[in-house]
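I opened the model today to look up a few local features. My notes follow in the sequence I took them.

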Amino acid sequence: MPRITTLPDVRGIDASTTETILEALQSADIPITYACGGNAYCSTCRITVLSGIEHCSEPTEAEKTLIGRLKLPAYVRLACQTKISGDISIRRLVVDYEDIDLIDSQFATEATGVEQSFVMIQAAIRGATNFDEVNFPYDILYVMSRYFQRMQQIISSYGGRINNFMGGRFLALFPADQDDAAARAVWAALEMLTSVENLNEFLEQLSYRPLNLSLGIHSGSAIAVPLNPGQPNGDFLPLGDVTSVVSRIENYNAALNSQLAISEVVYAAVKDRVVILRTGSIEVSAKGTQMSVYQAIAMKGDAPVKAIATVPGEEMTFSKRILSFIQKFRIGISK
């Protein structure tokens, strides 16, 4: 008779090949949630199959519908729909009210933490560790607001989005399934560098210190964990080796004496168009695995078609925008 080893209970029970996992757990008095009565409507009986997935029955049509809606991975199954023909090891995923709240949010947005592929840019302002010590708060707000606004416009115009910020650093993501994602990321990075150069010329006129931008680009899969499960298309946290590797690549600019470093994965996707000045390598695992890193200085050919990224009020002349601002200011004072 097949045997089920269940976590977090650390128990082993026998199961018939004719009963579902849910029925077997109930017979053994192992607590399991099934809010819909075992009809594949709620997914609260979901389990992770840790081993023996080959002994599980094929998903029923009802299970396929629910799993497809929530984009659950293949190793997550519904206990109410799954039968077994051999030994398996499972983990129950809904064990308390907090888990039920998470599932409720997932149903509201049809969003779960799923594996996705991205091209990532990590950006950092280098050489400015005392930036907040030598400038007044207004100076910091003024300079960094202009910087982040420019970066946001460039990244979004190439099909990416800034995912998170930390001090003078941020991470930008380009979905790998969009057309020519690696090239879009490299073109965006080069335009970011040019934009900062132009910004520095402007800051010099105002006696501000220049910004030194350092960029790293890598591509790979990450688990996209929703930060606000109740909000559709909300912010998420990308977790995985790709995020740590892109950070190492960006840091390696110091060794390359460069501003833009790309991984060998990204290089392979754009090698017929990218202009490389220097190469090096970084360690990307505890076992000492090495990855080649390339200093990119230009792209050949035409840039990808950019999305229209219009800044609110951009169509106005400068004088009209000043008048518009004054009008808003007066309205605010009068309230």
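Which residue follows H6, and is its phi positive or negative? I found Ser-207 after H6, with a positive phi near 65 degrees. Helices here are DSSP runs of H or I with at least four residues, strands are runs of E with at least two, and both are numbered from the N terminus.

Ground rules before going on. This is a predicted model, where local features need pLDDT of at least 70, side-chain atom pairs count only at pLDDT 80 or more, and totals for chains, interfaces and linings use all residues. Residues are numbered from 1 along each chain as its sequence is written, and side-chain values use heavy atoms, with hydrogens and water left out.

**Helix H6**

I checked the length of H6. The 25 residues of H6 should span 36 Å at 1.5 Å a residue. The expected span is 1.5 Å times one less than the number of residues. I read 36 Å between the end C-alpha atoms, which agrees.

**Cysteines**

I looked for disulfides, meaning pairs of cysteine sulfur atoms within 2.5 Å. The structure holds 0. Cys-45 is in no disulfide; its nearest cysteine sulfur belongs to Cys-80, 3.7 Å away. Cys-80 is likewise in no disulfide, with the sulfur of Cys-45 at 3.7 Å.

I then checked exposure. Buried means under 20% relative accessible area, exposed means over 50%, and partly exposed is in between (1.4 Å probe, protein chains only). Cys-45 is buried at 3%. Cys-80 is buried at 8%.

**Helix H2**

Which residues of H2 are buried? In H2, residues 61-70, I noted Glu-63, Leu-66, Ile-67 and Leu-70. They cover an arc of only 95 degrees around the axis, so they sit on the same side of H2. The arc is taken from the directions from the helix axis to the C-beta atoms. Glu-61 and Thr-65 are exposed on the other side of H2. Just after H2, Lys-71 has a positive phi of about 55 degrees.

**Salt bridges**

Side chains of opposite charge can pair when their charged atoms come close. My rule was a side-chain nitrogen of Lys or Arg within 4 Å of a carboxyl oxygen of Asp or Glu. I got 7 salt bridges by that rule.

I started in H2. Glu-61 pairs with Lys-64, with the closest N and O atoms 3.6 Å apart. Both lie in H2, 3 residues apart, about one turn of the helix. Glu-61 is exposed at 58% relative accessibility. Lys-64 is partly exposed at 45%.

Next I took Glu-250 and Arg-169. Their closest N and O atoms are 3.2 Å apart in a salt bridge. This pair links distant parts of the chain: Glu-250 is in helix H7 (residues 241-251), Arg-169 is in strand S8 (residues 169-175), and they are 81 residues apart. Glu-250 is buried at 1%, whereas Arg-169 is partly exposed at 25%.

Then Asp-180 and Arg-273. Their salt bridge is 2.7 Å, N to O. Asp-180 is in the loop between S8 and helix H6 (181-205), while Arg-273 is in the loop between helix H9 (264-270) and strand S12 (274-283). The two are 93 residues apart. Asp-180 is partly exposed at 30%, and Arg-273 is partly exposed at 22%. Shared partners join Asp-180, Asp-272 and Arg-273 into one salt-bridge network.

Most residues other than glycine have a negative phi, and most peptide bonds are trans. I listed some exceptions.

Where is the cis peptide bond that I looked up? It joins Leu-7 and Pro-8, with omega about 10 degrees. Pro-8 lies in the loop between strand S1 (3-7) and strand S2 (11-14). Val-10 lies in the loop between S1 and S2 too. Val-10 is not a glycine, yet its phi is positive, near 55 degrees. Val-10 is exposed at 64% relative accessibility.

Asn-257 also has a positive phi, about 55 degrees, and is not a glycine. Asn-257 lies in the loop between helix H8 (253-256) and strand S11 (260-263). At 60% relative accessibility, Asn-257 is exposed.
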